[in-house]
Amino acid sequence: MEELKRKILEDGYVINENVLRVDSFLNHQIDVELFNKIADAFYERYNNKPINKIVTIEASGIGLAVVVAQKFNNCHVVFTKKGSSSITDNDFYTTEIHSYTKNKDYIGQISKKYLSPEDHVLIVDDFLANGEAVMGMIDLCHQAGATVEGIGIVVEKGFQQGRHRIEEAGYEVQSLAIVKGFEDGKVILD
């Protein structure tokens with residue numbers, strides 16, 4: 001997706017040899033027009049699948065998932081909560097997820113009310129690094145008996161192991177931009 005790649009090159013910046021910051025358009029401030037084009041790209045790839053749920057992870061995936069869901073006949077968005085709340089009950093699917101960005105483990109959970117064996121899921125996320133968040137969401141879908149129809153990633157760090165882990169587990173990954181690496185503070189795209 002050329003517009004996304006241009007935005008990454010123009011507005012993204014390298015924090016260190018493993019971290020790319022794109023918060024000016026993807027996950028802090030949202031470029032809604034770009035999100036619509038991202039959603040179109042995921043719809044073009046997965047519209048032949050019987051998708052009725054979009055699964056993502058809080059917080060930065062939620063805005064993207066909502067826009068993607070509108071393309072799929074306004075199917076529901078279910079997001080993986082990080083940790084528990086005092087107003088939730090214990091009727092949740094749970095999995096442990098390691099956050100690459102924050103370098104900590106947390107419990108991801110989805111209410112059993114919102115994910116079932118009848119669901120056909122498209123998992124969407126803003127970034128793919130080592131695949132921990134996606135593998136956690138796959139685990140939650142498996143616990144529910146839901147069918148994972150595909151994985152939509154906006155920016156993949158191709159120099160890390162996420163894609164390999166997910167494909168090795170038997171899932172298709174559609175990434176709209178793949179970062180090959182960083183050189184002299186610049187982003188190198190595939």
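## Leucine 20 in strand E2

In this predicted model, leucine 20 is found in strand E2, which covers residues 19-21. Leucine 20 has a relative accessible area of 7% and therefore counts as buried, since the cut-off for that word is under 20%. Leaving aside residues up to four places away in sequence, leucine 20 touches Ile8, Gly12, Tyr13, Val14, Phe127, Val155, Val179, Phe182 and Val187.

## Lysine 157 in strand E8

Lysine 157 has its place in strand E8, a strand made of residues 147-157. Is this lysine buried or exposed? With a relative accessible area of 6%, lysine 157 is buried. Its contacts, again not counting residues up to four places away in sequence, are Asn18, Val19, Tyr100, Phe127, Leu128, Ala129 and Val179.

## The listed binding site

Under "binding site", an unreviewed UniProt entry lists Leu20, Asn27 and Lys157. Of these residues, Leu20, Asn27 and Lys157 are included in the lining of the largest pocket.

## The hairpin of E5 and E6

Another part of the model to examine is a pair of strands. Strand E5, with residues 92-99, and strand E6, with residues 104-111, pair in the antiparallel sense over 8 bridges, and within this pairing tyrosine 93 stands opposite isoleucine 110 in E6. The two strands E5 and E6 form a hairpin with 4 residues between them, and in the turn asparagine 103 has a positive phi of about 50 degrees.

Key
Residues are numbered from 1 along each chain as its sequence is written. This is a predicted model: local features need pLDDT of at least 70, side-chain atom pairs count only at pLDDT 80 or more; totals for chains, interfaces and linings use all residues. Side-chain values use heavy atoms; hydrogens and water are left out. UniProt positions are given in the numbering used here, feature names are shortened, and annotations may be inferred rather than shown by experiment. On a 1 Å grid over the protein atoms alone, a cavity is a set of points where a 1.4 Å probe fits but cannot get out, and a pocket is an open set with protein on both sides within 12 Å along at least five of seven lines; lining residues have an atom within 4 Å of a point. Buried means under 20% relative accessible area, exposed over 50%, partly exposed in between (1.4 Å probe, protein chains only). Contact means heavy atoms within 4.5 Å. Two strands pair if DSSP finds at least two bridges between them.
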